[in-house]
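Here's a quick briefing on aromatic contacts. Have a look at the model first, then read on.

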Amino acid sequence: MSTTLLLLSQLISFSAQSDIQLEVTGDINDGKNWVFFAPHEDEHVAHDFVKRKIDQHGGAFIILRQQGNREITLNVNNKQLRVDPNRIFTKAGRLSTLKKLNPKHANNHNLLQQAEQRAKQLSEFIIASMGGVDPDKTWVAMHNNTNGYDNDGKNGIGTISIERYQKKLDAGAKYLIDVTHSKQDEDDLFFVTDRQDFTQMQQHRWNAILQNPAVAHIVDEDDGSMSVFAEMKGIRYINIEAERHYKGVGKDHKQVQQQMIDFTFSLFEQK
């Protein structure tokens, strides 16, 4: 079977800052109720596979692009401020990521206010490109992470791992409500908002985390992420996480992530 992409992608520039663009593959208005989104440009292990699936089954795949990095740089008042693009979907998240990634500007309230408004505009641009806040849609986030996690005793790096999520749940983390740990690699996992999706993943022996619906109301759990924003808006959310090679550590789990994408499309057929 040919793997040639039949769909052409288009680039749409962010009007407030033209060096920020969305690469859109597919058609958000084709009647399909799913849209894939990749917020971090350097996490792209299975992007081509998603495009092929969109070509075959419809829907849309949107990639946030600027300079190929994980973070987005906002040009505000002749200053450059970085944000994590998966932390810009609420005001609390925007202010938090701005202060964390730009400590030298943390006390410049006027600049932070301007940057927060720019980040808000960007979040609205992204959501509009995904069809807006539509409870009938499923948002699927594409992410890649690093091998293991910081201080795991195995030279792991990063923060994403099913083992780490299990420890967080056991310690009483409020943003989690359930974790299922299969024999899959600890870095290959789903993070979801829908209990039925979680149950299906558990039955099919995938690593999966179920977000606590209460994050929509718990102020301290508002990190501005798309998963929290989706919970606030009653939108079904699925995050497909898989390991990637990073700074000489780990491997690209491309085949596994492709299988996870296939499984996600099988979930679409059930609803």
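How many aromatic pairs are there by the ring rule? The count comes to twelve aromatic pairs, where rings of Phe, Tyr and Trp (its six-membered ring) pair if their centres lie within 6.5 Å. Planes under 30 degrees apart count as stacked, over 60 as edge-to-face and the rest as tilted. Keep in mind that this is a predicted model, where local features need pLDDT of at least 70, side-chain atom pairs count only at pLDDT 80 or more, and totals for chains, interfaces and linings use all residues. Residues are numbered from 1 along each chain as its sequence is written, and side-chain values use heavy atoms, with hydrogens and water left out.

**W34 and F268**
- The ring centres of W34 and F268 sit 4.6 Å apart with planes at 5 degrees, so this pair is stacked.
- W34 is in strand 3 (residues 34–38) and F268 in helix 7 (residues 254–268), so the pair ties together parts 234 residues apart in sequence; helices (H or I, at least four residues) and strands (E, at least two) are DSSP runs, numbered from the N terminus.

**F36 and F268**
- F36 pairs edge-to-face with F268, at 6.3 Å centre to centre and 80 degrees between the planes.
- Since F36 lies in strand 3 and F268 in helix 7, that pair links parts 232 residues apart in sequence.

**Burial (under 20% relative accessible area is buried, over 50% exposed, partly exposed in between; 1.4 Å probe, protein chains only)**
- W34 and F268 are both buried, with F268 at a relative accessible area of 6%.
- F36 counts as buried too, at 0% relative accessibility.

**The cluster**
- W34, F36, F265 and F268 make up one aromatic cluster.
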